[in-house]
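Student: I'd like to learn how to read the features of a structure with you. Could we go through one together?

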Amino acid sequence: MGRKILEVNNLSTKYVTRFKEDVYAVNDVSLTVEEGKSLGIAGESGCGKSTLALSLMGYYFPPLHYVSGDIIIDGKNISLLDPETIRKTVLGHEIAYIPQTAMNALNPTRKIIKFIEDVIRAHDSKASKKDIYDLARKRFEVLGLPASVLNRFPVELSGGMKQRTVIAISTILSPKVLIADEPSSALDVTSQKMVIKMLKDMMENGIIKSMIFITHELPLLYNVTDDIMVMYAGQIVENGSSHEVVFDPLHPYSKGLMGSILVPEEGVRDVKLASIPGTPPNLKKPPEGCRFAARCKYTTPICRASKIDLREAGEGRSYRCILDTEELREVYGDV
Ligand SMILES: Nc1ncnc2c1ncn2[C@@H]1O[C@H](COP(=O)(O)OP(=O)(O)OP(=O)(O)O)[C@@H](O)[C@H]1O
Ligand SMILES: [Mg+2]
């Protein structure tokens, strides 16, 4: 086993709404990402991917609240640090998060170099303009981005270039963990490929030590990350290597996610996607038993009766279902 860069043990967080209702968006999540490795997190809209990403930074402000669990980055437990310490010493430096809408959230009246100044000065208030510019120029060169972008405004950049620029800004301090939340979803296929290549290059040349890539498209992760974690209704429902989860999904939800996304062939338009019938449960009052039971083809009364734990299915492989692997493959018709 390689050096653990990110270790999360039993993390639970919740939103508290204006009406004082609790929304249990992240429930008992444990994961590990080793040095040089990447983890993909997949799941439908609302299953808690972005909330988990926010929670992993240990930087909580209402309506998001920490409930329990540990977040350990390169051996240091950050879960009990106060927000100011997190902001100054952890964000951007130990862990960086690129939110889903980051590229559209750039202030249009500021040049790209200004955003880089902000990130660097949050940690080193005395950094000189020249040093920041030199660092930014070198980093952009390594990443294959023209240095001229530094003096441009966000509106002057194409979608793909803007997203790659956002990634370069967010990782300027070479964080140990990078969390990219749907970084390629809004882009055309060519730009998607460039973004993914850039993230892989950053891992290879050591700018980042580990990566979490969030998407609702499970099959996309096969070419992008080493491992995959599938989330449903705030919980992990399956873990494994990307190859295992994509080609041999165990949990009925993962199986459904694989079936619900078709990769259209070139020249074929309007491919109709099959979807998983039903909707995820209300996270204000999640079901006692299996959270997927209401949508699962193979539900039995036992599934609804009590909490279903994750079960091991080999090294690094686990899933949350009462059926064993043989029974699952049999019901899927794979054996
Ligand atoms: N500010 C908030 N207050 C209350 N509930 C919230 C808030 N933000 C998100 N939620 C709820 O938390 C749950 C998880 O949302 P989250 O945004 O993490 O999902 P997601 O998997 O990232 O979805 P998407 O694919 O659409 O980005 C959802 O039920 C959502 O309604
Ligand atoms: Mg999200």
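Student: Which residue of β2 is the bridge partner of Thr13?

Tutor: Before we start, keep in mind that this is a predicted model. The residue to look for is Val26, which is the bridge partner of Thr13 in β2. Now widen the view from that one bridge to the strands: β1 (residues 4-16) and β2 pair over 8 bridges, in the antiparallel sense.

Student: What is the order of the strands in the open sheet?

Tutor: To read a sheet, go from strand to neighbouring strand. Here the open sheet has 4 strands in the order β2-β1-β4-β5, and the pairing is antiparallel. β2 and β5 (76-77) each have a single partner strand, so they stand at the edges and one side of each lacks a neighbour in the sheet.

Student: Which strands does α1 lie across?

Tutor: α1 lies across β1, β2 and β4 (64-73), and its direction is at about 65° to β2.

Student: Which residues are the closest to ligand 1?

Tutor: For a ligand, begin with the closest residues and then ask which elements supply the shell. The closest here are Tyr15, Ser45, Lys49, Ser50 and Thr51, out of 16 residues that surround ligand 1. Two elements give two or more residues to this shell, β2 (22-34) and α1 (49-56). α1 gives the most, with 3 residues. By class, the shell around ligand 1 holds 6 nonpolar, 9 polar and 1 charged residues.

Student: Now helix pairs. At what angle do α4 and α5 pack?

Tutor: Read the angle, then the handedness, then the contact. Helix α4 (residues 112-121) packs on helix α5 (residues 129-142) at about 110°, and their axes are 10 Å apart. Because angles from 65 to 115 degrees count as roughly perpendicular, α4 is roughly perpendicular to α5. Their crossing is right-handed. Ile113, Ile116, Glu117 and Ile120 of α4 make the contact with Ile132, Tyr133 and Ala136 of α5. That contact has 6 nonpolar, no polar and 1 charged residues.

Student: And how do α6 and α7 cross, roughly parallel or roughly perpendicular?

Tutor: The axes of helix α6 (residues 159-170) and helix α7 (residues 189-204) cross at roughly 15° and come within 9 Å. That makes α6 roughly parallel to α7. This crossing is right-handed. On α6 the contact residues are Gly159, Gly160, Gln163, Arg164 and Ile167, and on α7 they are Ser191, Met194, Val195, Met198 and Leu199. By class, the contact of α6 with α7 has 5 nonpolar, 4 polar and 1 charged residues.

Methods. Residues numbered from 1 in each chain as written. Chains lettered and ligands numbered in written order. Predicted model: local features only at pLDDT ≥ 70, side-chain atom pairs only at ≥ 80, totals over all residues. Axes fitted to C-alpha atoms, helices over the stretch in contact; angles between N-to-C directions. Parallel < 35°, antiparallel > 145°, perpendicular 65-115°, else oblique. Left-handed = near helix turned anticlockwise from the far one by under 90°. Contact = placed C-beta atoms within 7 Å. Nonpolar A, V, L, I, M, F, W, Y, C, P; charged D, E, K, R; others polar. Near = placed C-beta within 6 Å. Pairing = 2+ DSSP bridges.
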